[in-house]
Each structure stands twice: as C-alpha cells, then as structure tokens.
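Me: I would like to go through a protein structure with you, one topic at a time. Could you help me read it?

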Amino acid sequence: NSTYYFKKPIINKEENSLFESDGLAKLDEKQEQLIQMKIGGHHLIKGIPGSGKSIAAIARAVHVIKENPSWRVLILSVNRKLADQNKRSLVDRVNGLKHFGLKRGSVRCTTLIDFLKDNAKNDYFRTSYQVMLDSLTKELLDKKLERTWDYIIIDEYQDFTSEHFEILKRACILHKTEINKKEVETENLFLVGDKLQQLKESIGDHPWKEIGINIIGRTTNLKSVYRSSAGILDFSLSYLMNKSKSLRREVNTFYEGILDIQKVNKTKEEIQIFSGGYKQAISRIKSWVESKVGAGVKHQDILIIHHDSKKTNQYLKQEFQFESLNGMRFGMPSTIKGTEAQYVILWQIDRFRMNFDCEVNKSKKIYMSLTRASQG
C-alpha cells in the first residue's frame with residue numbers, strides 16, 4: 001500500500017521539528033530554507049548527485065501537511081525503487097516527529113505509471129513498459145481529470161515529459177496564493193531533480209513557460225554533496241565534462257559552476273578500472289568482494305550496475321549466487337534512481353550504450369551510476 005497515515009493527531013505544531021529528529025538525516029541550512037518556503041505555486045529544486053534532493057522532497061511533504069492538515073499530497077517518481085525509498089523515508093521522518101500524525105490518504109508515494117493506471121480506463125498490461133507509458137499518457141491527455149491532489153511533488157523531474165506535467169497539472173487542485181505581489185489561482189508543484197541524470201534522450205529540455213510552469217525566481221540549487229567522497233565526485237564530474245564540449249557546457253550551466261560545490265564526505269575513496277574477459281572479471285570481483293567482506297563491509301553495501309538487460313541481470317545473479325543470497329545488490333541505470341551504496345561496480349561499462357542511445361546519453365548513464373557510490 002503506497003498511502004500512509006498515522007493515528008495520532010497533531011497536538012502542537014511548535015513542538016515538532018523537521019530538522020533535529022533522532023535517527024533522521026539532518027537537513028542543512030539551505031535545505032531548511034527551501035522546505036519552509038511559502039507554500040503556493042511552482043518550485044524547482046535542482047542539485048548535484050547526493051545533495052539530499054529526495055530527503056528535502058520528503059521533508060517538504062511533511063511541512064506542507066503540518067501547515068495544511070486537510071490537504072492531500074502526492075509524491076511521484078519514475079522507478080519503483082525510488083518510490084519505495086520515498087515511502088520508507090516518509091514513515092521514518094513522520095515517526096521521528098513528536099505528536100505528529102497524518103490522516104488516512106494524506107500523503108501517497110507512487111510511480112508515474114501507477115498514477116497513470118489509476119486514472120485510465122483502458123488496460124495496457126500486456127504491452128511493454130514504454131508502450132504502456134505512451135498509451136496511458138496519450139489516453140489521459142484527452143481525458144478530463146478530477147482535481148484530487150492539493151500538492152504534487154515530482155522526484156527526478158528530468159525523467160518526466162512535458163505531457164506528463166500537463167496531466168499532473170490537471171490532477172492538481174487550484175489554490176489561491178500571492179506571486180509577485182499578485183493574488184493568483186494556481187497548482188502547487190514541487191519539482192526535484194538533476195538534468196545531468198536524465199536517462200531518456202527524447203525528453204531533452206523542458207519548455208517551462210510553454211507548458212505553464214512558472215519557476216522564474218523559484219529555483220534553488222543544492223551544491224553540498226553528502227554521499228560521494230570528494231575523489232569519487234571529482235572523478236565522475238571529470239569523466240562527464242571531458243566527454244564533449246556540450247556536456248561540459250551543460251554541467252557548468254545546470255550546476256551554475258562546480259567550484260563552489262561543498263564536498264562533505266571526507267572518507268578515503270577507492271577507484272579501480274579493470275579490463276578483461278568474463279571469467280577474469282567474475283573471478284576478480286569475487287576476490288575483491290571477499291576481501292571487502294573480510295574487512296567488515298556488508299554484502300548489501302555493494303551494488304553491481306550493468307547495462308539495461310534483464311538477461312545480464314539473471315546471468316550476474318547466477319554467477320554471484322552466494323553473494324546475492326547474502327545481500328549483494330544488482331541494478332540497471334533505468335532502475336537505480338534513489339539507490340546508493342558504499343561500493344559500486346559498473347559491469348561491462350562499454351555496453352552502457354544500448355537501444356540506440358546517443359553517446360551523450362551513455363555518458364549520463366555512467367555518470368549517474370558512478371555517483372551512487374560513497375566510498376569506492
């Protein structure tokens with residue numbers, strides 16, 4: 001069930017802190033400021049990988065409900081792993097607040113495709129994911145939707161198309177708010193993401209003005225990195241920026257330069273590159289994993305990312321059966337958004353360009369995969 005509610009009522013808002021609850025990821029000053037921004041209209045939060053964008057999105061949802069207990073908030077993501085992580089983060093953050101509760105149905109975390117299914121009449125379940133997504137999108141663009149949600153948060157907005165934003169706008173209840181000293185009636189949208197992690201070449205840039213999303217003066221850039229060590233972040237950024245002049249330009253434009261990025265993670269990193277055949281690679285990885293586990297690393301803190309192929313996923317799980325049974329994880333660029341690990345292995349990095357991806361898209365996949373790692 002992707003809808004969460006808690007039985008205790010809100011007793012005293014002043015007693016509840018979003019920022020200093022035991023066991024929760026603490027929010028920095030910039031995150032606190034954006035979470036407490038005036039509620040109303042459209043906001044865009046962008047940032048470097050590992051800067052706490054998803055944490056900020058969840059904290060914003062809790063803040064919105066605290067300020068408006070009767071509202072309904074929808075948190076959307078493209079892949080299921082990120083949706084599941086957001087559910088867990090929501091429960092952890094709400095349970096960590098004193099005297100705080102949500103009414104049934106107040107906040108829902110789900111995927112884009114499940115949201116579209118819930119609002120569609122036709123059944124596309126026997127088709128591929130992309131065909132299903134395109135068919136659902138086309139159907140709902142031609143359908144009048146009930147305005148059900150008071151506030152919609154979109155995590156990893158860069159993977160949503162202009163058509164998806166149009167559908168979501170029509171599912172959002174209009175509220176009166178003051179923007180630029182004028183009272184307007186508008187949807188409440190909170191967009192969180194990183195354009196440099198956009199996996200679908202076909203989406204490209206979003207024409208915000210054309211699709212009726214007003215983010216001028218309502219954009220925040222998060223540049224404090226908590227996940228990847230300084231060495232891994234530098235390695236990842238250098239890889240991306242050196243692939244082409246257009247990518248270097250994108251990095252500097254979207255991140256507003258990289259010189260002021262705050263690298264909070266001070267752990268000593270480990271970066272290795274290995275070329276060889278299948279058997280050599282499997283043997284070397286097994287030995288490496290064994291040495292890490294012997295040094296105290298847990299299997300679940302190791303993630304193998306491979307190109308988008310279910311066949312390769314099954315092959316690796318078979319080859320690493322013992323490690324898999326003990327918790328070592330496997331994923332593809334299309335499924336690992338929201339995933340992180342101490343150590344990440346990129347398997348067959350030369351095959352990340354699949355399904356006619358352009359070289360730029362391949363580079364973004366590798367960049368996103370590299371930045372899942374905190375230590376090696």
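This is a predicted model: local features need pLDDT of at least 70, side-chain atom pairs count only at pLDDT 80 or more; totals for chains, interfaces and linings use all residues.

Me: Fine. How many aromatic pairs are there in the whole structure?

Reply: A search of the whole structure gives nine aromatic pairs. One of them is formed by Y151 and F190, with 6.4 Å from centre to centre and 35° between the planes, and this pair is tilted.

Me: Which strands do Y151 and F190 belong to?

Reply: Y151 is in strand β5 (residues 151-155), and F190 is in strand β8 (residues 189-193). The two are 39 residues apart, and the pair thus links distant parts of the chain.

Me: Are Y151 and F190 buried or exposed?

Reply: Both Y151 and F190 are buried.

Me: Which residues form an aromatic cluster?

Reply: Y157, F160, F165 and W208 form one aromatic cluster.

Me: What about the largest nonpolar core: which residues touch the most other members?

Reply: That core has 43 residues, and F115, F165, L191 and W208 touch the most other members. Several elements each supply at least two residues of this core, among them β3 (73-77), α4 (112-119), β5 and β8. There is also a second, separate core of 24 residues, which includes V62, I75, L90 and I153.

Me: Back to rings for a moment. Which rings have a charged end sitting over them?

Reply: The charged end of K46 sits over the ring of F254, 4.9 Å from the ring centre. Likewise, the charged end of R72 sits over the ring of W149, at 4.0 Å from the centre.

Me: New topic: helix α10. Which of its residues are buried?

Reply: In helix α10 (residues 310-319), T312, N313 and L316 are buried. They cover an arc of only 105° around the axis, so they lie on the same side of α10.

Me: And what does the face turned away from that buried side carry?

Reply: That face of α10 carries the exposed residues K310, K311, Q314 and Q318. The buried residues of α10, in contrast, pack against α9 (278-294), β12 (302-306), β13 (329-331) and β14 (343-347).

Me: Now R170. Why does it count as buried?

Reply: R170 has a relative accessibility of 19%, and buried means under 20%. R170 is found in helix α6, and its side chain reaches the backbone oxygen of L140 at 3.3 Å.

Me: How far is R170 from L145?

Reply: Their C-alpha atoms are separated by 6.2 Å, although the two residues are 25 residues apart along the chain. L145 is also one of the residues that R170 touches, including L141, K143 and E146.

Me: And where does K223 lie?

Reply: K223 lies in the loop between β9 (219-222) and β10 (224-225). K223 counts as buried, at 11% relative accessibility.

Me: Which backbone oxygens does its side chain reach?

Reply: The side chain of K223 reaches the backbone oxygen of Y255 at 2.8 Å and the backbone oxygen of G257 at 2.7 Å. Among the other residues that K223 touches are I48, D260 and Q262.

Me: Last one: what does T371 touch?

Reply: T371 touches P49, R227, S228 and S236, not counting residues up to four places away in sequence. T371 lies in the segment after α12 (359-370) and counts as buried, at 1% relative accessibility.

Note on methods: Residues are numbered from 1 along each chain as its sequence is written. Side-chain values use heavy atoms; hydrogens and water are left out. Rings of Phe, Tyr and Trp (its six-membered ring) pair if their centres lie within 6.5 Å; planes under 30 degrees apart count as stacked, over 60 as edge-to-face and the rest as tilted. Helices (H or I, at least four residues) and strands (E, at least two) are DSSP runs, numbered from the N terminus. Buried means under 20% relative accessible area, exposed over 50%, partly exposed in between (1.4 Å probe, protein chains only). A charge sits over a ring if NZ of Lys or CZ of Arg is within 6 Å of the ring centre and within 35 degrees of the ring normal. The arc is that of the directions from the helix axis to the C-beta atoms. Contact means heavy atoms within 4.5 Å. A nonpolar core is a set of buried Ala, Val, Leu, Ile, Met, Phe, Trp, Tyr and Cys residues joined through side-chain atoms within 4.5 Å. A polar contact is a pair of N or O atoms within 3.5 Å; within protein, one must be able to donate a hydrogen and the other to accept it, and residues adjacent in sequence count only if both atoms are side-chain atoms.
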